[in-house]
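Here is a short report on one structure.

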Amino acid sequence: MAHRLPNLNLLRAFEAAARHRSFTTAAEELSLTPAAISQQVRALENNLGFLLFERLPRGVALTHMGAAYLPPIRQAFDDISASTAGLFGLKGESSVKIRAPISFSMLNLTPRLARFNQEYPDIEVRLGSSLWADEVEAESYDLDIRFGDGNWSGFHADLLVNEGCVPVCSPTLDPMPDDLASMAKGKLISVMGSEGAWLSAMNISGFDETFQKRVFRADTYLVGAELAAAGGGSLFLLKSLAESYLSQGRLITPVDFELPVTNSHYLLRKEDHRRTKPEITILQQWLINDYQAMATL
């Protein structure tokens with residue numbers, strides 16, 4: 001099937017001018033003159049039959065059609081760049097800095113990054129871990145994994161894992177709970193910030209003095225999972241974080257129950273006016289595809 005495609009040089013001129021909101025800066029990037037950029041953009045507008053820019057006394061601004069056209073064009077250039085690099089290799093040093101919550105890094109992400117490294121040995125991945133999303137400037141990283149509702153100002157967010165929590169405990173826990181009521185009466189582990197949902201699920205009104213004495217409060221799911229595996233009590237744990245413990249037999253699910261969770265893990269990339277390095281796009285798309293493939297199994 002024949003594709004209706006504008007001239008690639010015209011698209012490059014539009015993408016650069018739209019990204020910088022400037023014909024002059026686009027001209028510097030593409031080693032052309034501002035007049036040449038203006039002519040190429042005008043030729044593209046004539047080809048499409050729509051104005052893409054408003055010409056202002058000082059600079060340019062995207063029209064509604066231009067703003068709608070920019071994201072797919074940027075994505076197309078990113079995809080071409082990433083595909084070329086993935087098939088034919090990257091020239092020079094290439095690295096990607098990615099950050100994730102420490103529990104997610106340890107219990108879910110690292111095995112995937114090991115497989116990515118096998119497929120793309122020329123891309124160096126630098127993984128940083130965090131307890132809280134705002135403890136390090138996001139600009140320090142190319143990609144950022146966060147747990148939330150998917151809305152972060154200044155970032156493009158792709159869903160990685162949408163899941164619930166399951167009750168887990170050591171197979172040697174005594175007494176072994178067989179329903180939520182007996183679980184509520186036994187030793188419990190709480191990850192700070194997640195109490196509301198599971199307290200409600202077990203019809204517990206709150207942390208009174210008696211209740212607090214048999215609840216261990218941890219600051220991360222990793223600490224909570226390790227404590228549960230050591231026999232410290234029952235814990236509601238995100239399914240993706242429980243997988244390795246369950247497969248190894250260090251934890252079991254004593255109660256057939258899944259607690260719905262509103263938030264999810266997302267992969268974030270900062271929205272800015274720079275062209276994305278191909279290695280960033282390669283890792284970003286690889287992770288999205290890998291998590292989507294696992295979700296369909």
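Which residue just after α10 takes a positive phi? Gly 249 does, with a phi of about 80°. The model is predicted.

## Overall make-up

The protein chain holds 11 helices and 11 strands. Of its 297 residues, 43% are buried.

Take the contacts between residues at least 6 apart in sequence: 73% of them join residues at least 24 apart. The accessible surface of the chain is about 16,100 Å². Carbon and sulfur atoms account for 53% of that surface.

## Backbone exceptions

Most residues other than glycine have a negative phi, and most peptide bonds are trans. Some sites in this model depart from that.

Arg 21 has a phi near 55°, a positive value in a residue other than glycine. Arg 21 sits in the loop between α1 (8–20) and α2 (23–30). Is Arg 21 buried, partly exposed or exposed? Arg 21 counts as partly exposed because its relative accessible area is 36%, between the cut-offs of 20% and 50%.

Ser 31 also has a positive phi, near 55°. Its place is the loop between α2 and α3 (34–48). Ser 31 has a relative accessible area of 68%. The cut-off for exposed is over 50%, so Ser 31 is exposed.

The peptide bond from Asp 174 to Pro 175 is cis. Its omega is near 5°. Pro 175 belongs to the loop between β7 (165–168) and α6 (180–185).

## Helix α10 and its cover

Helix α10 spans residues 239–248. Which of its residues are buried? Ser 240, Leu 241, Ala 242 and Tyr 245 are.

## Ser 95 in strand β3

Ser 95 lies in strand β3, which covers residues 95–101. Why does Ser 95 count as buried? Its relative accessibility is 11%, and buried means under 20%.

What does Ser 95 touch, leaving aside residues up to four places away in sequence? The contacts are Glu 124, Arg 126, Asp 142, Lys 277 and Glu 279.

Methods. Residues numbered from 1 in each chain as written. Predicted model: local features only at pLDDT ≥ 70, side-chain atom pairs only at ≥ 80, totals over all residues. Heavy atoms only, no water. Helix = DSSP H or I, 4+ residues; strand = E, 2+ residues; numbered from the N terminus. Buried < 20%, exposed > 50% of the residue type's maximum accessible area, 1.4 Å probe, protein only. Contact = heavy atoms within 4.5 Å. Areas by Shrake-Rupley, 256 points an atom, 1.4 Å probe, with all protein chains shown as cover.
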